[in-house]
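Reader: Hello! Could you walk me through this structure, one question at a time?

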Amino acid sequence: MKSRKRIWIATSALAVAGCVSATRIAPPVSELQSGAAFPQQLERGRRLYLGACGSCHAPYAIDEYSLAQWDRILPEMVRKTKLDASDTDALRTYIVASHEYLAQTAP
Ligand code: HEC
């Protein structure tokens, strides 16, 4: 009984820590003010960001770079990843929406 309780506390601490850092790196679509973007497009962008974009290096926290820096970085990375135009659109939409969200919620 006692040890089970300890395990539960350890697990929930991990879950909270995991959630905070994942949100900073790539916020879940449910958190984003999508504006004109469809949630499916944001989901697609997030999957690309964590999947294809994370195949050479761990995904960077989106707010580690300004949008102007992203404008310089993205074309090169999109080329490395060999994304087509519609994937690039989805990814860019997700990055911009996440950037806005993180700027509003930053500590
Ligand atoms: C084929 C491997 C590869 C893929 C795929 C890739 N990257 Fe990179 N990425 C790199 C390398 C190598 C660097 C470091 C040097 C450089 O800028 O080329 C880098 C650097 C970066 C940086 C830091 C740039 C800086 O100036 O500090 C960011 C941000 C980044 N990548 C984002 C992405 C995103 C977003 C994607 C998906 C579109 C992506 N990467 C896909 C290899 C890759």
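**From a loop to the ligand**

Author: Happy to! Let us start with Lys 82, which is found in the loop between α3 and α4. Please keep in mind that this is a predicted model.

Reader: What is the phi of Lys 82?

Author: Most residues other than glycine have a negative phi. Lys 82 is not a glycine, yet its phi is positive, at about 60°.

Reader: Thanks! How many helices and strands does the protein have?

Author: From the N terminus on, the elements run α-α-α-α. The count for the protein is zero strands and four helices.

Reader: Are α2 and α4 roughly parallel or roughly perpendicular to each other?

Author: Two packed helices are described by the angle between their axes and the distance between the axes. For α2 and α4, the axes are 7 Å apart and the angle is about 95°. Angles of 65 to 115 degrees count as roughly perpendicular. The two helices, α2 and α4, are therefore roughly perpendicular to each other.

Reader: How do the residues of the contact of α2 with α4 divide by class?

Author: On the α2 side, the residues include Leu 42, Arg 44, Gly 45 and Tyr 49, and those they meet in α4 include Asp 87, Leu 91, Thr 93 and Tyr 94. The residues of this contact divide into three charged, three polar and seven nonpolar.

Reader: And the ligand: which helix gives the most to the shell around the ligand?

Author: There are 13 residues around the ligand, and Cys 53, Cys 56, Met 77, Lys 80 and Thr 81 come nearest. By class, the shell has nine nonpolar, three polar and one charged residues. With five residues from the stretch 67-81, the helix that gives the most to this shell is α3.

Terms used:
Residues are numbered from 1 along each chain as its sequence is written. This is a predicted model: local features need pLDDT of at least 70, side-chain atom pairs count only at pLDDT 80 or more; totals for chains, interfaces and linings use all residues. A residue is near a molecule or strand if its C-beta atom, placed from the backbone, lies within 6 Å of it. Ala, Val, Leu, Ile, Met, Phe, Trp, Tyr, Cys and Pro count as nonpolar, Asp, Glu, Lys and Arg as charged, and the others, Gly among them, as polar. Axes are lines fitted to C-alpha atoms, for helices over the stretch in contact, and angles run from 0 to 180 degrees between N-to-C directions. Angles under 35 degrees count as roughly parallel, over 145 as roughly antiparallel, 65 to 115 as roughly perpendicular and the rest as oblique. Two residues are in contact if their C-beta atoms, placed from the backbone, lie within 7 Å.
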